[in-house]
Amino acid sequence: MTENESNKPALSRQTLRKWILIVSFLLIPVTIFYISPIVLMMGAAEGIASGSMILLILLFILSFFVARLWCGWLCPMGAWQEICSPVMKHTVQEGWRKYIKYGIAALWLGALALTLVTAGGFRSVDPFYGTVNGISISSPDVLVIVLVIFAIIFVTAFLTGRRGFCNVLCPMAVVMIAGRKIRNLVRWPALGLSADASCCIDCKKCSKECPMGLDVNGMVRSGEMENADCILCANCADTCPKGAIDYGMGRQ
Ligand code: SF4
Ligand code: SF4
């Protein structure tokens, strides 16, 4: 029996994470407008801070302490990609594609700033902006738009690899990466990965199971577990037969 096989909580952590993601996915008809960059822009054009604007600010602040935990544990778009992962042939590969999301985020945030200036800034806050009685998908037209967006996410992940949308296109990821970079400059205690390289037997199971296609074995060996594209899903930790990786609250 390996260290992780005898460590039941580690196994149940992934079960719990998957169930949370399934619930997040099932709640999409209610929640999608509170997460949508498009609804955020529509609200900004009217000078309204919508639910998705509030969430964006919250995710930025949360990333100071938990990096991209949202992506790994709660995001319904991430949940959709994990649900579809059995039909994806490979994980995303390290490379130039991951920089596309920074260009998209720059365009989006630039357009948001311009829209806000044109609208004269925020004049009101409406967490339920765009919803009907708090429900996001309230008509067949909205349903079609949401289905098209999720089809685009599926095609992106199918072409680039599991969690490909998170790695290549998602502008919200960039906001959380920026928050984490600020934290890394100041170095207050925050959630991350920690590893004990002396336990590692270089089996590379962690790298194989990482949904973001990271060279986790290389990270363990180099002693540098910080990576902008880590979504803190803990798949690597729960896969490692030697228990070499786990969450840690560090200043590094
Ligand atoms: S490095 Fe580990 S925690 Fe980070 S995304 Fe990969 S599997 Fe998840
Ligand atoms: S799964 Fe564990 S033992 Fe295997 S390479 Fe990764 S850190 Fe090392």
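Mentor: Two axes count as roughly parallel under 35 degrees, roughly antiparallel over 145, roughly perpendicular from 65 to 115, and oblique otherwise. The model is predicted: local features need pLDDT of at least 70, side-chain atom pairs count only at pLDDT 80 or more, and totals for chains, interfaces and linings use all residues. Residues are numbered from 1 along each chain as written, chains are lettered from A and ligands numbered from 1 in written order, and side-chain values use heavy atoms, without hydrogens and water.

Consider helix α6 (residues 76–84) and helix α8 (residues 140–160), whose axes come within 10 Å and cross at roughly 55°. Helices are DSSP runs (H or I, at least four residues), as are strands (E, at least two); axes are lines fitted to C-alpha atoms, with angles from 0 to 180 degrees between N-to-C directions. α6 and α8 are therefore oblique to each other. The crossing of α6 over α8 is right-handed (near helix turned clockwise from the far one by less than a right angle).

From α3, P37, L40, M41, A44 and A45 meet W108, A111, L112, T115, L116 and A119 of α7. Here the contact comprises 10 nonpolar residues, 1 polar and no charged.

Aromatic rings form 10 pairs in the structure (centres within 6.5 Å; planes under 30 degrees apart are stacked, over 60 edge-to-face, the rest tilted). F64 and W188 make an edge-to-face pair, because their ring centres are 5.6 Å apart and their planes stand at 75°. F64 belongs to helix α4 (residues 51–66) and W188 to the loop between α10 (171–186) and β3 (190–195), so the pair ties together parts 124 residues apart in sequence.

Finally, ligand 1 is surrounded by 13 residues, the closest being C210, C230, C233, A234 and C236 (a heavy atom within 4 Å). That shell holds 12 nonpolar residues, 1 polar and no charged. The shell around ligand 2 has 9 nonpolar, 1 polar and 3 charged residues.

Definitions and conventions. Ala, Val, Leu, Ile, Met, Phe, Trp, Tyr, Cys and Pro count as nonpolar, Asp, Glu, Lys and Arg as charged, and the others, Gly among them, as polar. Rings of Phe, Tyr and Trp (its six-membered ring) pair if their centres lie within 6.5 Å; planes under 30 degrees apart count as stacked, over 60 as edge-to-face and the rest as tilted. Contact means heavy atoms within 4.5 Å.
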